[in-house]
Amino acid sequence: MSKLLCVVDYQVDFVSGALGFEAARALEAPLADRVKQALADGWQVLFTRDTHGADYLTSREGRFLPLPHCLKGSEGWHLYGQLAEYEQAVLPGVAFLDKPTFGAEGLPAAVRALCGGEPEEIEVCGVVTNICVVSNAIVLHSAFLNADITVRSDLCAAGDPADHENALRLLKGMGYRIAEGSR
């Protein structure tokens with residue numbers, strides 16, 4: 001059995017671009033450190049990337065959030081800052097999943113492929129806590145009922161701190177472990 005770190009949508013548009021916010025910028029160094037440590041400890045690391053096309057504004061999400069962002073191949077679509085280095089090199093234990101909306105339908109298959117089966121432990125971090133982090137934590141739980149799933153509160157952020165706290169409260173109420181710092 002393996003351990004997985006899932007880094008949700010830490011992309012330019014969510015940090016310094018179209019939907020960027022200060023709390024996301026503050027995550028750069030701690031996220032980079034966590035990814036390095038996870039890989040050093042033998043964990044698998046999966047980066048999700050919010051990925052949209054030119055038709056984004058006609059989608060359900062685009063009507064809800066009418067601000068084009070993370071258009072595939074654009075600068076805003078790429079991982080932000082120090083994490084961008086992982087897009088440049090093919091590394092064992094590192095994979096990417098491009099997702100067209102908040103929760104990634106293909107996440108369980110990507111995790112199984114990367115981990116060689118079902119992971120025993122999953123750690124989730126990234127942005128935006130109350131949208132994509134929550135959505136993908138639920139997808140992971142739905143697919144991996146026996147995995148120990150932790151959401152790293154110190155490595156997640158939302159534009160509104162109240163939204164961040166409400167999302168963590170919701171996840172805690174659903175049985176997720178909410179933690180600061182690694183285990």
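**Notebook: aromatic pairs and a helix contact**

I began with F47, which is buried at a relative accessible area of 0%. The model is predicted.

I asked where F47 sits and which ring it pairs with. The rings of F47 and F96 have centres 5.4 Å apart. Their planes lie at 20 degrees, so I logged the pair as stacked. F47 belongs to strand 2 (residues 44–50) and F96 to strand 3 (residues 94–99). The pair therefore ties together parts 49 residues apart in sequence. F96 has 27% relative accessibility, so I noted F96 as partly exposed. I also found F47, Y86 and F96 in one aromatic cluster.

Next I counted aromatic pairs: the structure holds four. One of them joins Y10 and Y80, with ring centres 5.8 Å apart. The planes stand at 85 degrees, so this pair is edge-to-face. Y10 lies in the loop between strand 1 (3–8) and helix 1 (12–15). Y80 lies in the loop between helix 4 (60–64) and helix 5 (85–88). This pair therefore links parts 70 residues apart in sequence. Buried or exposed? Y10 is buried, at 0% relative accessibility. Y80 counts as buried too, at 16%.

Last, I checked helix 7 (residues 129–143) against helix 8 (residues 161–173). Their axes come within 9 Å and cross at roughly 20 degrees. An angle under 35 degrees counts as roughly parallel, so helix 7 and helix 8 are roughly parallel to each other. The crossing is right-handed. Helix 7 makes the contact through T129, N130, V134 and A137. Helix 8 brings D163, H164, A167, L168, L170 and L171. I sorted the contact residues into six nonpolar, three polar and one charged.

Key
Residues numbered from 1 in each chain as written. Predicted model: local features only at pLDDT ≥ 70, side-chain atom pairs only at ≥ 80, totals over all residues. Heavy atoms only, no water. Axes fitted to C-alpha atoms, helices over the stretch in contact; angles between N-to-C directions. Helix = DSSP H or I, 4+ residues; strand = E, 2+ residues; numbered from the N terminus. Parallel < 35°, antiparallel > 145°, perpendicular 65-115°, else oblique. Left-handed = near helix turned anticlockwise from the far one by under 90°. Contact = heavy atoms within 4.5 Å. Nonpolar A, V, L, I, M, F, W, Y, C, P; charged D, E, K, R; others polar. Phe/Tyr/Trp six-rings, centres within 6.5 Å; stacked < 30°, edge-to-face > 60°. Buried < 20%, exposed > 50% of the residue type's maximum accessible area, 1.4 Å probe, protein only.
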